[in-house]
Amino acid sequence: MTRKYDVIVVGAGPAGSMAAMKAAEGGAKTLILEKHRLPRFKLCGGGIANWVVRHLKVPEDVLERQYRVLSFFTPPSYERHDINLGGLGYFGVYRDALDYYLTKLALEKGAELKENTCVDGVIRKEGYVKGVTTKTGEKFEGDVVVACDGALSTVARKCGMWDVWFKEKGETWKDQMVFCLGMEVRLGEKVVSERFGDSYMIFTGRDIAPMGYAWIFPKRENVSVGLGSMAKTLEKKPTEYMNHFIKNNPIASKLLEGGEVILQKGAWIPIRNAYKPSYTSGLLIAGDAAGMVSPITGEGVYYAVRAGMDAGVTAAEAVNSGDFSAEFLSLYQERWVKSVGNILDFQDQIFKNTVGKILALEDEKEKDEQYEKGFVEAFNIFVSVIEKYAQQKKETPQATTQKKP
Ligand SMILES: Cc1cc2nc3c(=O)[nH]c(=O)nc-3n(C[C@H](O)[C@H](O)[C@H](O)COP(=O)(O)OP(=O)(O)OC[C@H]3O[C@@H](n4cnc5c(N)ncnc54)[C@H](O)[C@@H]3O)c2cc1C
């Protein structure tokens, strides 16, 4: 049986829920299709921008911890640089709780949700995307499909977008991705508070992984530990780098002492600039599915939320005007370029001028030696921008950088 909607959103992550919320708010009959039952676990550092928390009124019980200080450890001695984020602060969340809260916002606006439904194909008619099919053979027709199905988006791939974004440029999707390994370590609330307080931590250096970095983001009782590296530069199993980091890094090993690993999982993050075009006739693509992630920090929730909203607003307008052409839907790209594209472009420029130049070196040995320098440089530039921004915020104490032994 085929069911008919105005807007079909694939994926109930931050991008999908926000797209569905805005589409339903704009009067469109909207369906979210999600392959898991909600709330679902999502591997993530869970460091969420203040804007998301304030703008969407994320409730206290979803917020595990507030971060006021970004602590940054650089080789060779892993000196600590503390950046006081002031009122800019980030929050530590678990994504099952945050994402489910966002989905419920969409449902409150009238969107429908179908869980346990894995989309495996698209319906096309006369050059327009007109719906999706599922693994169990169901068909859902919609005038606008919004692909928010994450980094390895089935919908974007089935619509030929990977050919446009990667293949036609002589690249593969792996050239755009960082492979991450994440684990949850239980330390208990008292220990987490004593060791981390309101700091969350990032570590760089080739001792961690080639072209990689690591993080420790404390939650209430546990800490999320992660390590990411460009897929093509991994020389060993990711678990080997992780074991080396948690056991041998002079800082991390002490911070995690006595902890119990309760979960370990791998996932991909797209870390090159957001893919364009992010639309075609009958189709919009948002969040990780369209590569909207900071190439420097791997942060993506904020960008997914903002672009998801832009997609939902545009989808509702398309429904109300009866125009689903690529030309009309290009409005979406204009919107997200303004809301998040420019800041992503800026970060991409920093990335290209630092890490990018080193990745382009032909001599593998030189590349390996220079990488650490490039990555630290990228972070330093980015961090100085954050500091300036934090200083401009009137309500915040002055942002400072201190070095601690
Ligand atoms: C290890 C790691 C750490 C990270 N840490 C941070 C961080 O600290 N802060 C931050 O801001 N960002 C972080 N990110 C990035 C962040 O997780 C993503 O940018 C964000 O989740 C993007 O949201 P999204 O809605 O686009 O996609 P997702 O959150 O990936 O949601 C996609 C949804 O689509 C569903 N889906 C997938 N395929 C199908 C299908 N075929 N049919 C139906 N449903 C489908 C999935 O189940 C999922 O619910 C991290 C990512 C990783 C991998």
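Strand β12 and strand β15 (residues 222-230) run antiparallel and are joined by nine bridges. The model is predicted: local features need pLDDT of at least 70, side-chain atom pairs count only at pLDDT 80 or more, and totals for chains, interfaces and linings use all residues. Residues are numbered from 1 along each chain as its sequence is written, and side-chain values use heavy atoms, with hydrogens and water left out.

- Helices (H or I, at least four residues) and strands (E, at least two) are DSSP runs, numbered from the N terminus.
- Two strands pair if DSSP finds at least two bridges between them.
- Valine 178 faces methionine 230 of β15.
- β12 also pairs with strand β16 (residues 260-270), antiparallel, over 10 bridges.
- Here glycine 182 stands opposite lysine 265 in β16.
- Nine of the 10 residues of β12 (residues 177-186) are buried, so the strand is largely enclosed by the rest of the structure.
- Buried means under 20% relative accessible area, exposed over 50%, and partly exposed in between (1.4 Å probe, protein chains only).

**A three-stranded sheet**

- Three strands form an open, antiparallel sheet in the order β3-β7-β4.
- Its edge strands, β3 (47-49) and β4 (63-67), each pair on one side only.
- Neighbouring strands are turned by 35° against each other on average, direction ignored.
- For such angles, axes are lines fitted to C-alpha atoms, for helices over the stretch in contact, and angles run from 0 to 180 degrees between N-to-C directions.
- β4 and β7 (residues 90-93) are joined by four bridges.
- Leucine 63 has valine 93 in β7 as its bridge partner.

**Cavities**

- Rolling a probe the size of a water molecule over the atoms shows where empty space is left.
- The search uses a 1 Å grid over the protein atoms alone; a cavity is a set of points where a 1.4 Å probe fits but cannot get out, and lining residues have an atom within 4 Å of a point.
- Grid points are joined across faces, edges and corners, and a volume is the space filled by probe spheres set on the points.
- Two cavities of 30 Å³ or more turn up in the whole structure.
- The largest cavity holds about 80 Å³ of space.
- Its lining includes Val178, Met230 and Phe351.
- Helices α10 (326-359) and α11 (364-392) are the elements that give two or more residues to this lining.
- By class, the largest cavity is lined by 11 nonpolar, no polar and no charged residues.
- Ala, Val, Leu, Ile, Met, Phe, Trp, Tyr, Cys and Pro count as nonpolar, Asp, Glu, Lys and Arg as charged, and the others, Gly among them, as polar.
- The second largest cavity has about 30 Å³ of space.
- Among the residues lining the second largest cavity are Cys44, Val93 and Glu184.
- That lining has four nonpolar, one polar and four charged residues.

**A pocket**

- A pocket is an open set of points with protein on both sides within 12 Å along at least five of seven lines.
- The second largest pocket has a volume of about 210 Å³.
- Trp165, Arg272 and Asp348 are among its lining residues.
- Its lining divides into four nonpolar, two polar and six charged residues.

**Cysteines**

- A disulfide is a pair of cysteine sulfur atoms within 2.5 Å, and the count comes to zero.
- Cysteine 44 is in no disulfide; its nearest cysteine sulfur, that of cysteine 180, is 9.5 Å away.
- Cysteine 44 is partly exposed, at 24% relative accessibility.
- Cysteine 180 is buried, at 4%.
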